[in-house]
Amino acid sequence: MGRTLAEKVWEQHVVRRADGEPDLLFIDLHLIHEVTSPQAFDGLRMAGRPVRRPDLTIATEDHNVPTVRGPIADPVSRTQVETLRKNAAEFGIRLHPMGDAGQGVVHIIGPQFGLTQPGMTIVCGDSHTSTHGAFGGIAFGIGTSEVEHVLATQTLPAYRPKTMAIEVKGALPFGVTAKDLILAIIAEIGTGGGQGYIVEYRGEAIRNLSMEGRMTVCNMSIEAGARAGLIAPDETTFNYLKGRPHAPEGEAWDAAVEYWKTLSTDDDAVFDKVVEIDAATLAPFVTWGTNPGQGAPLSSVVPAPEQFGDPIERSAAERALEYMGLTAGTRLTDVEVDTVFVGSCTNGRLEDLRAAAEILQGRQVKTRTLIVPGSMMVKLQAEAEGLHEVFKAAGAEWREAGCSMCLGMNPDTLAPGERSASTSNRNFEGRQGKGGRTHLVSPQVAAATAVTGKLTAPADLV
Amino acid sequence: MDAFVTHTGTAVPLRRSNVDTDQIIPAVWLKQVSRTGFERGLFAAWREDPSFVLNDPAYTGASILVSGPDFGTGSSREHAVWALQQYGFRVVIAARFGDIFRNNSTKMGLLPVILSPEAVETLQKAVEADPATEITVDLAERQVRAAGETWSFEIDDYTRWRLMEGLDDIGLTLRHADAIAAYESERQPWLPKTA
């Protein structure tokens with residue numbers, strides 16, 4: 001019987017297999033940031049262990065960094081970033097600190113450097129590590145104990161998850177983005193639908209996505225409960241990688257591409273679960289609740305809790321509407337927002353900024369609007385194209401790279417009761433600041449919303 | 001980590017689903033560089049509400065959390081596990097868990113127990129009716145016992161053994177350093193290096 005892509009990549013990385021034990025899996029790339037690593041380095045020091053493969057490890061500062069120039073004002077945040085610097089220096093790990101041209105959100109810089117390649121195993125103490133699966137590898141988030149484990153051994157003991165195919169049939173309608181697609185998928189299968197699975201995204205609509213779009217889709221796999229999501233590499237992948245600083249060159253490139261071309265699911269392989277999505281039925285999507293599965297087409301209304309047959313879902317919806325300050329039956333396009341955020345590891349890449357700029361060109365924003373590039377490199381590229389001038393002319397704020405308003409660890413937060421349209425990945429209670437209310441949207445919807453001050457699809461702009 | 005064989009204690013019923021790790025420990029608490037003191041951040045936003053179940057004196061001293069489904073979804077922050085443990089919890093019982101949270105728990109010796117939604121409901125009702133109800137979570141027998149009933153739960157043999165012995169994963173893996181070195185010598189030459 002044939003094998004799925006996930007099974008091929010997994011098998012390729014098994015260091016040791018024994019009956020009744022998890023596989024010991026080799027890790028090709030370990031990404032580090034300041035939040036989930038300090039206690040891991042402490043553990044190494046206490047046990048007198050070195051980092052086994054600093055040459056397969058890279059660190060950046062992202063979660064705590066302010067997105068306006070200058071030092072970190074919060075002493076606790078500053079200590080955490082300084083701790084990463086000390087640890088990176090002590091253990092010989094390459095670090096891209098604030099102000100460095102290579103600095104940025106950890107899941108933006110891996111692909112940008114060409115460090116993320118097909119067929120690799122990649123981990124990071126961050127659940128959105130699933131982003132890197134867009135290149136056809138197995139990438140997943142881990143906790144601090146596992147960060148320490150990978151630092152010490154470059155391996156992880158793990159049981160292979162089951163495999164799920166999400167087959168997106170047909171082409172996405174005009175104006176429907178990768179973000180709308182993944183929000184619709186999560187609403188369909190639920191926040192627990194992917195638990196225990198590696199998801200392979202397949203089908204025409206997936207094949208037609210750019211690498212940036214594929215990263216957006218894989219990024220939010222964890223919001224459907226799946227630790228990892230991946231997409232088979234193809235010419236789009238190879239074209240994206242070629243010429244990047246860490247991509248192979250010359251004969252090594254040819255050998256790599258030959259191998260990468262074997263990285264697809266065999267025709268006779270069987271997935272443990274298959275979900276089919278009809279792309280033609282999709283439309284711009286937005287969340288109305290407090291988990292990423294509570295979403296609906298932007299053209300619809302806030303649902304009534306009574307619509308949910310399952311009592312647990314019903315009470316979750318009741319709680320969510322109360323927290324969000326929404327009334328059932330309200331048209332989603334009538335919901336007014338205070339802040340728009342374009343950025344994050346979900347939608348902070350150049351393509352996302354271009355999409356927002358295209359809509360903001362020649363228009364004025366009515367809300368506080370933060371445009372935060374995912375990395376310094378994205379920032380430089382955007383500025384080379386003049387996107388920053390478009391944003392500033394529209395009245396938006398053009399910021400430095402970082403996680404920013406995706407989570408409340410840096411100065412960019414919502415005040416209690418404030419409502420945002422956000423291109424990030426989580427609408428959890430308090431995620432963007434205590435009492436803040438988050439609607440997850442695509443960069444296009446975010447930009448159109450900034451123009452009108454209400455949740456808006458670009459097609460509805462005059 | 002501390003070995004876990006069997007534990008008997010009282011429980012807190014948490015009647016919420018999708019308890020994400022941002023609720024268990026909000027992001028502002030993640031700035032700490034130490035491993036201690038996270039109990040103060042446990043459910044920090046919800047604990048500001050006097051009617052939140054953890055504020056009910058009837059549940060003081062409870063060591064088992066009985067939650068709605070999809071407990072520990074979202075962020076990979078192990079701080080969520082540390083916060084629960086440091087607050088005094090040894091076990092979380094739910095019908096479904098976020099994968100990363102469940103993994104992190106077993107690395108630290110906090111036992112995540114999956115029971116059917118019906119069993120969770122029965123336990124929650126029993127604890128709500130009498131907060132002094134004792135629940136026994138027996139890892140050796142893979143059983144939860146309370147209020148005259150017994151439920152079995154599944155956990156793989158290896159994780160169970162590691163928890164019962166209180167073993168450190170890194171030490172176990174380093175016994176296979178030769179296998180790791182052998183694998184490293186066979187890796188494709190084009191694979192990227194960061195330095």
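Which residues is R160(B) in contact with, leaving aside its neighbours within four places in sequence? They are L139(B), A140(B), R142(B) and I155(B), where contact means heavy atoms within 4.5 Å.

## Basis of the model

This is a predicted model, in which local features need pLDDT of at least 70 and side-chain atom pairs count only at pLDDT 80 or more, while totals for chains, interfaces and linings use all residues. Residues are numbered from 1 along each chain as its sequence is written, chains are lettered from A and ligands numbered from 1 in the order in which they are written, and side-chain values use heavy atoms, with hydrogens and water left out.

## Chain B overall

Chain B has eight helices and eight strands; helices (H or I, at least four residues) and strands (E, at least two) are DSSP runs, numbered from the N terminus. The C-alpha trace of chain B spans about 65 × 40 × 25 Å along its principal axes. Among contacts in chain B between residues at least 6 apart in sequence, 67% join residues at least 24 apart.

Of the 195 residues of chain B, 57% count as buried, which means under 20% relative accessible area, with exposed over 50% and partly exposed in between (1.4 Å probe, protein chains only). The accessible surface of chain B comes to about 7800 Å², and 48% of it belongs to carbon and sulfur atoms. Accessible areas come from the Shrake-Rupley method with a 1.4 Å probe; for residues, only the protein chains shown count as cover. Chain B carries 19 positive and 27 negative charges, whose mean positions are 4 Å apart. Lys and Arg count as positive and Asp and Glu as negative, without His and the chain ends, and each charge is placed at NZ of Lys, CZ of Arg, CG of Asp or CD of Glu.

Helix α4(B) (residues 99–108) is mostly covered, with eight of its 10 residues buried. The buried residues include D99(B), I100(B), F101(B) and M108(B). Just after α4(B), G109(B) takes a positive phi of about 90°. R160(B) has its place in helix α6(B), residues 157–165.

## Chain A: parallel strands

Strand β10(A) (residues 197–202) is mostly covered, five of its six residues being buried. Strand β9(A) (residues 162–169) and β10(A) pair in the parallel sense over six bridges, with E167(A) opposite R202(A). Together with helix α6(A) (residues 178–189), β9(A) and β10(A) make a right-handed β-α-β unit. β10(A) also pairs in the parallel sense with strand β11(A) (residues 228–230), over three bridges, and L230(A) in β11(A) is the bridge partner of E200(A).

An open sheet of five strands in chain A has the order β17-β16-β15-β18-β19, with parallel pairing. β17 (397–398) and β19 (437–440) of chain A stand at the edges, each with a single partner strand, so one side of each is left without a neighbour in the sheet. Two bridges join β16(A) (residues 368–371) to β17(A), and the two run parallel. I371(A) stands opposite W398(A) in this pair.

## Helix α2 of chain A

Helix α2(A) (residues 38–47) has P38(A), Q39(A), A40(A), F41(A), G43(A) and L44(A) as its buried residues. These pack against β3 (29–32), α3 (75–91) and α5 (144–153) of chain A, together with α3 (79–87) of chain B. G48(A), which follows α2(A), has a positive phi near 65°.

Most residues other than glycine have a negative phi. S344(A), in helix α12(A) (residues 344–347), has a positive phi near 90°. S344(A) counts as buried, at 1% relative accessibility.

N18(B) is not a glycine either, and has a positive phi of about 50°. N18(B) lies in the loop between β2 (11–14) and α1 (21–24) of chain B and is buried, with a relative accessible area of 17%.

Technical notes. Pairing = 2+ DSSP bridges. Right-handed = clockwise from strand over helix to strand, strands pointing away.
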